[in-house]
Amino acid sequence: MAEDSIAVVDLERCQPDRCNYECMNYCPPNRSGKECIVKREDEYEEDEPFEGQPDQVRISEEICLGESCGICVNKCPFDAIEIINLPQELTDEPVHRYGENAFALYGLPSPAEGQVTGILGPNGIGKTTAVRILADEMQPNLGRYGEEPSWDEILDEYRGTALQEYLEQMRGGDVDVARKPQYVDRIPNQFDGKAIELLDQTDERGALDYLVEQTGIEPVVDNHIDDLSGGELQRVALVATLARDADFYFLDEITPYLDIGQRMTAARLIRELAEEEDRSMLVVEHDLAILDLLADNINVAYGTPGAFGVITPPKSTKKGINEYLSGYLENENMRIRQTDIEFEEHAPRSASQGDVVIEYPELQKSYGDGEFSLDVEAGTIRESEVLGVVGPNGIGKSTFAKMLAGRLEPTAGEIDTSLDIAYKPQYIEIDQPMRVDAFLASITDDFGSSYWNTEIAQPLQLESVMEQQLTDLSGGERQRVAIAACLSKDADLYLLDEPSAHLDVEQRVMATSAIRRYAENHDATAMVIDHDIYMIDLLADRLLVFDGEPAKNGHAAPPQGMREGMNEFLQNLDITFRRDERTSRPRINKPDSQLDREQKNAGEYYYAP
């Protein structure tokens with residue numbers, strides 16, 4: 001095969017007991033007598049270890065004809081094979097490859113002293129692998145998975161580069177690092193005890209009390225780690241990481257489960273540590289508004305998820321995000337996406353004038369004396385509109401959604417129970433031992449039709465997970481399947497609680513497109529609760545704003561126009577937004593900047609008109 005191509009076999013999807021080895025039988029080199037695609041057991045000596053099962057296949061990258069052939073890719077009934085042409089500009093060897101016909105990572109970010117470096121890219125592209133290498137949790141193999149190189153060879157590979165000094169210090173034990181893991185919901189599996197016990201183990205700078213106060217986790221530090229919500233776990237994990245006395249901090253996704261106010265607080269604490277104590281930060285993040293505010297520079301990651309990933313040299317934050325959205329990297333002369341991610345250039349959408357679908361009365365929900373209470377003013381939701389719902393965590397948004405969906409009884413007021421409501425909850429718990437395709441087919445008779453594939457499956461990128469078990473899905477895959485299940489139902493209202501969680505930027509845009517297009521094409525009505533301002537900006541016609549005192553009391557006024565609603569919401573947070581002059585994407589103004597002061601004085605928190 002050409003040197004600029006790789007072959008990848010997904011061992012989780014390769015199912016030789018359910019096929020006739022079409023990949024082997026139709027492979028042109030195989031048919032000419034060469035051994036290009038063979039069973040794994042045929043290539044190894046007895047007792048020699050190898051990955052996968054003996055009857056699964058391996059592909060010789062030296063013999064394979066490359067992507068221009070692609071017969072094995074098309075013949076595999078389980079889409080387990082990818083033959084990919086690497087970018088022509090990619091001349092270096094991989095930083096790390098996980099094995100034969102497995103994922104390969106090219107390039108590493110360079111943490112800059114006293115700065116915040118961001119990594120922006122899709123899921124499954126190697127960002128966490130890069131972080132683990134730089135955090136000294138795994139040794140890069142330079143693509144030589146059969147005979148791993150020594151550290152002297154690794155250091156020679158990076159001699160003369162920006163990473164040389166860092167890797168030498170790391171290898172010599174002269175660098176202290178701290179890393180916040182990507183999936184904070186796994187912390188209870190690794191630690192058994194109260195949150196404060198975990199935090200006390202990490203308090204190396206004497207800053208624990210300050211961090212606890214700033215993040216607002218004082219009420220839960222004495223709770224058992226098992227009893228914390230996703231947002232509480234995220235803040236505990238961030239505090240535990242920032243409390244360490246490290247030279248380099250690696251923060252893998254800081255915003256999941258956090259509302260925008262909590263995200264702003266996290267960003268401010270990270271910048272404080274970088275600027276005031278000259279600490280170095282590397283942040284992997286999908287919330288572009290927060291990354292824009294947080295990072296001094298950005299490394300863009302691109303490639304084919306699950307197959308290979310490339311991490312570019314650093315770019316300015318503005319340029320990196322704009323190039324990523326445009327799908328074209330100028331310095332690399334590389335198109336990483338066929339279409340731009342676009343935002344509306346002018347005013348927010350006009351409110352729908354469709355018929356009223358839901359007219360709900362004043363509602364109250366109280367959990368008892370001294371417990372949380374919610375008051376919702378009467379309002380209407382109209383046909384063919386997407387109603388965005390915003391507000392802090394713990395303010396009653398999900399409580400209101402559950403009352404509308406009939407899963408929670410209001411203390412006062414009545415909901416029309418004759419309505420058909422499709423509901424995607426905030427936390428997705430999937431424990432059914434069932435394949436994805438069987439699960440979705442059980443929901444709708446339209447499953448597999450051209451309409452369903454075009455409207456739901458393709459935008460949500462479900463083709464690659466159809467034959468997987470629900471219990472084996474990642475967080476992002478579960479989210480996309482849950483959105484598809486919700487939209488596949490025949491309903492008066494589609495109610496989606498935090499559909500952006502665990503999705504990367506492209507997946508969020510695709511999910512937004514699916515929800516928006518479904519509402520427009522089917523005169524359907526959707527209500528979307530989310531903390532991602534980009535998603536709300538792309539999606540909503542009107543806004544329902546919740547305010548109050550989190551965990552104590554919440555209040556919701558009737559739905560209002562996007563400008564009025566966002567002005568109210570952002571004013572509560574003391575945040576102003578502007579649009580990027582090139583892409584029209586939302587950008588958070590730096591606090592107390594000239595533009596921030598001008599917009600606040602004019603009362604225009606959501607873009608100056």
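1. In which strand does leucine 496 lie? Leucine 496 belongs to strand S22, residues 493–497; helices (H or I, at least four residues) and strands (E, at least two) are DSSP runs, numbered from the N terminus. The model is predicted: local features need pLDDT of at least 70, side-chain atom pairs count only at pLDDT 80 or more, and totals for chains, interfaces and linings use all residues. Residues are numbered from 1 along each chain as its sequence is written, and side-chain values use heavy atoms, with hydrogens and water left out.

2. Leucine 496 counts as buried, because its relative accessibility is 0%. Here buried means under 20% relative accessible area, exposed over 50%, and partly exposed in between (1.4 Å probe, protein chains only). Leaving aside neighbours within four places in sequence, leucine 496 is in contact with Lys424, Ile483, Cys486, Ile515, Met527, Val528 and Ile529, where contact means heavy atoms within 4.5 Å. The C-alpha atoms of leucine 496 and valine 465 are separated by 21 Å, and these residues are 31 apart along the chain.

3. Helix H8 (residues 195–202) has the buried residues Ala195, Leu198, Leu199 and Thr202. Seen down the axis of H8, these fall within an arc of 95 degrees, so they line one face of the helix; the arc is that of the directions from the helix axis to the C-beta atoms. Their cover includes helix H7 (187–190), helix H9 (208–215) and helix H10 (230–242).

4. The largest nonpolar core has 86 residues, and those with the most contacts inside it are Leu199, Ile225, Leu242, Ile270, Met281 and Phe577. Helix H11 (residues 260–277) gives the most to this core, with eight residues. A second, separate core of 35 residues includes Ile456, Ala485, Ile515 and Met535. Such a core is a set of buried Ala, Val, Leu, Ile, Met, Phe, Trp, Tyr and Cys residues joined through side-chain atoms within 4.5 Å. Not counting residues up to four places away in sequence, isoleucine 225 touches several residues, among them Ala195, Leu198, Leu233 and Val236.

5. S17 pairs with strand S18 (residues 373–376) in the antiparallel sense over four bridges; strands pair if DSSP finds at least two bridges between them. Glutamine 364 stands opposite aspartate 375 in S18. The two strands form a hairpin with six residues between them, and glycine 368 in the turn has a positive phi of about 120 degrees.

6. The aromatic pairs number seven. Rings of Phe, Tyr and Trp (its six-membered ring) pair if their centres lie within 6.5 Å; planes under 30 degrees apart count as stacked, over 60 as edge-to-face and the rest as tilted. The rings of phenylalanine 400 and phenylalanine 546 have centres 6.0 Å apart and planes at 50 degrees, so this pair is tilted. It links distant parts of the chain, since phenylalanine 400 is in helix H14 (residues 397–404) and phenylalanine 546 in strand S24 (residues 542–549), 146 residues apart. Both of these phenylalanines are buried. Tyr360, Phe400 and Phe546 form one aromatic cluster.

7. Two lysines lie over tyrosine rings. The charged end of lysine 75 sits over the ring of tyrosine 26, 4.3 Å from its centre, and lysine 365 lies over the face of tyrosine 367, at 5.3 Å from the ring centre. A charge sits over a ring if NZ of Lys or CZ of Arg is within 6 Å of the ring centre and within 35 degrees of the ring normal.
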